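Subject: Structure for you to look at

Hi,

Here is the structure I promised. Please open it first, then read my notes below.

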Amino acid sequence: MGTPWLAPQGPAMKCPFCSEENTQVIDTRENEEGDTVRRRRRCLACDKRFTTYERVELRMPLIVKKNGSRADYDREKLQASLMLALRKRPVTTESIDAAIERIEERLLASGEREVPTEKVGELVMRELRRLDKIAYVRFASVYRNFEDVEEFREAIREVKKPRTRRPRGT
Ligand SMILES: [Zn+2]
């Protein structure tokens, strides 16, 4: 023994050999960037050892607009844009969520503290191209002329706004 027992953080790490959730951390090391930790673990059920790489903190980069202003990354905003482009398209919520996760992973993997809004737009287009061609064309044709996803969202909303019904017979 002798190694200090460190409480596992975040979701339980299952043993890859027997799926046991109770594991003992026997060593912890941060990577150079400080965004992941490598943990050596021992399974309390089968006693096998394994290594996990855990994300310390999800730090999404700030989004830089064309006018230079910065905004926090907003998952809901991104989701709303995707949903809008995919409106009435045969794409499941699960696939949309998976697309958002891939976008977030890429943003995180970039390691940047700030990313231009165009970068997010490109990632969205890449995902839409995979998900649904119609939604992709919708997004690409509108988005390319817009400053950011938010503007795109407003533009689409304008287009989709139901026309006010004309009163009959007057
Ligand atoms: Zn085990």
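Start with a turn. E2 and E3 form a hairpin with five residues between the strands. Within this hairpin, aspartate 47 takes a positive phi near 70°.

Some ground rules come next. This is a predicted model, where local features need pLDDT of at least 70, side-chain atom pairs count only at pLDDT 80 or more, and totals for chains, interfaces and linings use all residues. Residues are numbered from 1 along each chain as its sequence is written. Helices (H or I, at least four residues) and strands (E, at least two) are DSSP runs, numbered from the N terminus.

How confident is the model? The pLDDT is the predictor's confidence in each residue, from 0 to 100. The protein averages 80, and 78% of the residues score at least 70. Over residues 1-10 the pLDDT is below 50. Beyond near neighbours in sequence, that stretch has nine contacts in the model. Here, two residues are in contact if their C-beta atoms, placed from the backbone, lie within 7 Å. Where pLDDT is low, the predicted coordinates should not be read in detail.

Now the overall layout. The protein has five helices and six strands. Along the sequence, the pattern is β-β-β-β-β-α-α-β-α-α-α. Of its 170 residues, 20% are buried. Buried means that 20 or more other C-beta atoms lie within 10 Å of a residue's own; exposed means 12 or fewer, and partly exposed is in between, with C-beta atoms placed from the backbone. Take the contacts between residues at least 6 apart in sequence: 46% of them join residues at least 24 apart.

Next, the sheet. Three strands form an open sheet in the order E1-E2-E3, with antiparallel pairing. Two strands pair if DSSP finds at least two bridges between them. E1 and E3 are the edge strands, each pairing on one side only. On average, neighbouring strands are turned by 25° against each other, direction ignored. Strand E1 (residues 23-30) and strand E2 (residues 36-43) are joined by seven bridges. There, glutamine 24 stands opposite arginine 42 in E2. Seven bridges also link E2 to strand E3 (residues 49-55). Arginine 38 has tyrosine 53 in E3 as its bridge partner. Arginine 39 stands opposite threonine 52 in E3.

Then look at two helices. The axes of helix H3 (residues 117-131) and helix H4 (residues 133-143) come within 8 Å and cross at roughly 155°. Axes are lines fitted to C-alpha atoms, for helices over the stretch in contact, and angles run from 0 to 180 degrees between N-to-C directions. So H3 is roughly antiparallel to H4; that label applies to angles over 145 degrees, while under 35 is roughly parallel, 65 to 115 roughly perpendicular and the rest oblique. Residues making the contact include Gly121 and Leu128 of H3, and Tyr136 and Phe139 of H4.

Last, one residue. Isoleucine 100 lies in helix H2 (residues 93-109). Is isoleucine 100 exposed or partly exposed? Isoleucine 100 is partly exposed, because 18 other C-beta atoms are within 10 Å. Leaving aside neighbours within four places in sequence, isoleucine 100 is in contact with Arg75, Leu78, Gln79 and Leu82. Glutamine 79 is 21 residues away along the chain, yet the two C-alpha atoms are separated by 7.0 Å.

Best wishes
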